2 protein chains.
Amino acid sequence: METNKYAERIEALRALMRGRGWDAVIVGGSDPHQSEYPAERWKQVRWLTGFTGEAGDVVVTLDHAGLWTDSRYFIQAVEQLEGTGVVLHKTRVPEQVLIPEWLRSRLDEGAVVAFDSLCTSAQDGRELGGTFALAGVPDLLSVLWEDRPGVPQTSIFRIKAGESREEKMEWLRGELSERGCDAILLSALDEIAWLLNVRASDIEYNPMVISYLLVGQDFAKWFVLKEEVEDPVTEETFDALSGDGIELLPYAEVGLELSAFEGRLWLDSTTANCELRGVCSCEVVEAPSPVARRKEQKSPQEIEWIREAHLRDGAAVEKFLYWLEKSVQAGKRVSEWDAALKLGQYRAEIEDYQGDSFETISAYGPSGALPHYITPRTDAPLIEPRGLYLCDSGGQYLSGTTDITRTVPMGECTAEEIRDYTLVLKAHIGLATAVFPAGTPGGRIDAAARLPLWRSLMDYGHGTGHGVGFFLGVHEGPHQIRQNLDPTPMVEGMVTSDEPGLYREGKHGIRHENLLLTVDAGTTEFGHFLRFEPLTMCHFDTSALDLNLLDKWEIDWLNEYNSSVFEHLGTLLDEDVLEWLRVKTAPVGLES
Amino acid sequence: METNKYAERIEALRALMRGRGWDAVIVGGSDPHQSEYPAERWKQVRWLTGFTGEAGDVVVTLDHAGLWTDSRYFIQAVEQLEGTGVVLHKTRVPEQVLIPEWLRSRLDEGAVVAFDSLCTSAQDGRELGGTFALAGVPDLLSVLWEDRPGVPQTSIFRIKAGESREEKMEWLRGELSERGCDAILLSALDEIAWLLNVRASDIEYNPMVISYLLVGQDFAKWFVLKEEVEDPVTEETFDALSGDGIELLPYAEVGLELSAFEGRLWLDSTTANCELRGVCSCEVVEAPSPVARRKEQKSPQEIEWIREAHLRDGAAVEKFLYWLEKSVQAGKRVSEWDAALKLGQYRAEIEDYQGDSFETISAYGPSGALPHYITPRTDAPLIEPRGLYLCDSGGQYLSGTTDITRTVPMGECTAEEIRDYTLVLKAHIGLATAVFPAGTPGGRIDAAARLPLWRSLMDYGHGTGHGVGFFLGVHEGPHQIRQNLDPTPMVEGMVTSDEPGLYREGKHGIRHENLLLTVDAGTTEFGHFLRFEPLTMCHFDTSALDLNLLDKWEIDWLNEYNSSVFEHLGTLLDEDVLEWLRVKTAPVGLES
């Protein structure tokens with residue numbers, strides 16, 4: 001019988017636990033910056049259990065090992081955990097028992113719970129507390145993990161930006177004054193990249209620099225130095241920043257610096273880790289970082305660039321859809337993976353392309369029913385000349401970040417496919433055309449997308465919209481449009497996805513996604529209103545629609561959007577693709 | 001120069017403050033039970049300042065007197081406060097400065113703030129704390145208020161109820177066990193009335209008994225005795241309840257009883273007052289009362305009665321609308337107050353009528369632009385044969401509580417009136433036809449009503465829906481459908497109003513209100529869904545509609561609703577009203 005390497009690693013961890021007197025160890029899925037997508041070094045859940053989902057936490061006790069993850073990953077988790085001895089604990093289901101509650105039910109009062117104090121936010125660490133003795137251990141797994149990757153260090157470059165570093169620094173120092181603080185520690189990687197107008201490739205798909213930044217009224221200390229820098233681009237960047245008065249310090253020395261800091265320190269306990277919070281002996285003001293909210297409001301210059309990026313990105317997707325339709329109709333063997341590669345090639349032709357913004361989901365038929373499907377690199381399913389193909393992808397460009405999902409018919413579709421396809425488009429249009437008072441939280445307009453589906457007793461288990469950065473994370477908080485009661489208000493200049501979906505296990509999945517810009521809709525005696533403008537420029541296929549399920553104004557919106565796509569992409573497409581697109585974007589339902 | 005009696009009362013209060021060493025006094029608008037509508041004895045804001053709005057709190061310092069109230073009452077407050085020296089402080093506006101913050105800005109640390117500890121909830125009392133010394137004084141104003149009314153004591157009668165007192169008590173004792181408590185104190189008047197299946201008329205429009213109820217596993221103590229009881233109905237009720245093992249005790253002795261109570265006591269700090277919380281020396285568990293949520297879910301028997309009540313109530317409103325239209329068209333002088341009286345007469349003809357559920361809002365033209373307009377008893381504006389008339393009213397019946405608003409054209413309407421009328425109806429239909437997952441909070445479906453208005457840059461400043469009791473309060477919490485992030489989930493059996501509106505100052509007001517019952521919509525692979533069924537049975541006028549602003553399914557809904565009204569009310573109306581109603585409910589827009 002083959003021994004499972006993950007089961008072995010868990011046993012090794014238990015040996016460590018016995019030696020240290022730990023009753024439980026929690027291993028989370030994040031890094032010291034609370035990044036949603038960590039670098040290889042911090043993929044600790046994967047190393048320990050083999051589970052590769054983007055969200056998951058592990059608890060190991062002396063007689064149990066469990067993975068907590070949500071419905072997006074149930075099927076994947078069951079497959080990947082086989083033979084490891086790790087048990088799946090479902091979250092985001094009504095009967096869920098979350099880790100703190102589970103621990104309380106399994107451990108005695110005073111039991112010792114160890115966790116990685118670097119990879120746990122100060123807030124989460126505090127919430128763990130209560131009846132247990134907590135042992136916060138930085139890099140807890142390092143003693144077991146041979147050949148653990150180091151902290152990545154890729155080339156750091158300056159970018160064209162909507163506002164200069166000086167303007168941003170001045171604004172941040174104003175915020176400091178207003179709150180009566182002497183300095184602020186920035187931990188979130190996208191906040192640092194935004195503030196300094198720099199990018200790198202330390203994390204796949206996420207063009208950020210792993211570092212910390214401490215900003216005071218008359219100093220800025222960037223904890224960014226890892227190994228010796230030999231790369232000229234990075235050197236140039238460092239020279240420029242040094243010239244602007246930004247001090248460059250070793251990444252590992254941030255704790256030392258903080259422990260010696262005197263004054264009032266602003267720190268966001270949702271992104272600063274436990275370890276750093278613990279070393280502070282100064283007065284600490286825990287409050288949300290102002291940078292998070294500020295960077296969501298794109299500047300006019302950024303918006304102009306973002307629009308351009310979407311034209312080029314949309315043209316690449318149109319080329320891809322043209323190629324796909326022609327290839328499949330001609331009887332060529334095209335697998336989901338082949339399609340993903342082809343789309344990547346079209347994107348790579350774009351001048352300022354910097355890579356994808358996440359791993360392309362290329363899913364035919366039943367594959368599409370998994371909202372976070374991972375297209376296999378070998379033996380991927382073939383795309384047949386019937387039913388629905390779903391492709392969710394995005395690019396990183398110097399001019400912005402894109403994220404688009406198109407679901408297209410590859411030939412004849414069933415009545416159910418047509419109905420689902422149409423109702424999801426109705427849901428998309430519901431949010432795309434929403435108007436709402438300035439300051440409305442996203443959760444209060446989520447229903448604009450869901451109501452058309454709810455009325456048919458259908459729903460989807462994910463959010464409707466997430467923020468998107470400017471050549472930064474494809475997921476950008478804090479605002480969101482989903483089924484929750486988060487109070488973050490919608491404001492002008494935000495970029496948000498509109499991506500309702502529908503998933504029928506074993507049959508098909510549908511998602512229609514554009515990125516939307518929040519713009520002024522006007523002020524009347526009833527208040528100041530906002531609306532959305534689509535940034536994504538790529539047609540929605542009209543051949544799989546049941547027009548009887550759409551109201552006239554919805555058909556009008558669709559025709560207008562498709563015609564605007566044709567107009568905007570004209571100069572970016574070859575004649576054959578353009579002719580094809582002319583047919584694809586021809587108005588529908590005019591007789592009604 | 002005439003001396004203002006309110007200014008005098010405020011000066012008398014200041015004399016008291018100097019004597020006692022108080023720097024500020026807070027006078028609130030509620031009673032010892034945190035009722036939304038207090039009895040005369042507790043209309044302290046009105047006694048002190050003359051302000052009669054339903055929501056308002058007063059703060060008096062040695063050099064300032066202020067009234068804090070929301071936008072519904074700004075105009076009224078300015079008028080009523082003239083000459084009193086009381087300044088209006090606006091709430092629910094972006095620049096609002098609420099009382100605690102205002103006090104902090106005006107008083108020194110350690111200043112003494114006095115408040116009525118009977119009329120302040122335990123939770124609100126705690127939130128007042130901080131840098132001030134608090135002086136909680138029961139019946140604070142009594143020493144100044146000569147001839148202050150006593151605690152009311154009206155006839156207490158038993159009602160037909162969906163579940164017996166025994167069933168309800170058993171359920172409540174189960175809740176006590178589950179939470180490991182020995183007793184629960186009920187303070188909210190509607191909770192006590194619901195649990196004991198009794199009603200009275202202690203508060204206008206609110207058929208409740210001013211009392212407290214302490215329930216343990218083997219006892220129930222009802223603090224209800226005030227003066228000598230001479231009324232045979234009350235005696236009968238008391239005998240019946242005593243026979244069920246419910247001990248009857250003086251209202252004034254609840255504090256004494258609580259101070260002596262030993263054991264774990266469950267108390268809802270949002271309805272229990274500061275004074276009572278303060279006397280408890282036992283272990284107190286502060287948690288929402290389970291009765292509040294339970295009584296929102298009407299039993300099948302209650303639902304049957306409620307439907308019947310709405311048929312009779314709807315017929316009364318139809319008779320009224322017929323009379324109004326005929327009278328105004330015939331050139332008769334009908335004032336808003338005449339109309340309100342007439343409607344009251346039609347309701348009074350109903351067999352089990354127990355009074356109105358709130359003061360009728362009878363508002364023609366510009367009067368309708370005030371959502372909480374109070375129709376003057378003398379010199380009320382006349383209803384002209386043009387424009388819009390709004391009537392918001394409701395009845396209390398042994399079979400249930402109603403609340404209905406109809407806005408009807410009295411003759412020719414302007415294009416703006418027609419557009420507004422149509423879009424508010426579109427908003428009403430939006431919520432009436434909403435389907436949503438079981439457990440969705442009301443705030444997440446509020447947009448179903450608002451989106452049609454938002455899309456035209458319009459909005460209304462009040463909630464869309466409130467709960468309604470069974471022959472109880474016309475406002476019943478905790479669930480609501482409004483612009484907030486309250487998490488209370490929608491469940492089957494709730495009765496909720498659907499009342500979007502639109503108000504143009506100096507021109508007109510429109511509100512279309514039905515009560516809706518939450519019912520099962522079905523369960524699919526996507527979850528369990530709920531929908532609404534209209535309880536209110538009274539046609540919506542179709543002559544002031546711009547059908548071009550409605551989608552086909554909205555017109556279908558309207559035609560179906562109106563036709564169902566005609567069918568249901570047939571046997572309750574005389575021939576002439578019925579013939580008129582046949583025309584009023586004739587389907588519209590069939591050609592489209």
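Which residue stands opposite A:Leu265 in E14(A)? In this predicted model, where local features need pLDDT of at least 70, side-chain atom pairs count only at pLDDT 80 or more, and totals for chains, interfaces and linings use all residues, A:Val284 is the residue opposite A:Leu265. Residues are numbered from 1 along each chain as its sequence is written, while chains are lettered from A and ligands numbered from 1 in the order in which they are written.

## The sheet

Strand E13 of chain A, residues 264–267, pairs with E14(A) in the parallel sense over four bridges; strands are DSSP runs of E, at least two residues long, numbered from the N terminus, and two of them pair if DSSP finds at least two bridges between them. Both belong to an open sheet of six strands with mixed pairing, in the order E12-E11-E10-E8-E13-E14. Because strand E12 (246–250) and strand E14 (283–286) of chain A each have a single partner strand, they stand at the edges, and one side of each is left without a neighbour in the sheet.

## The two copies

## A residue and its contacts

A:Val209 touches several residues beyond four places away in sequence, among them A:Ile156, A:Leu189 and A:Val224, where contact requires C-beta atoms, placed from the backbone, within 7 Å.

Notes
Contact = placed C-beta atoms within 7 Å.
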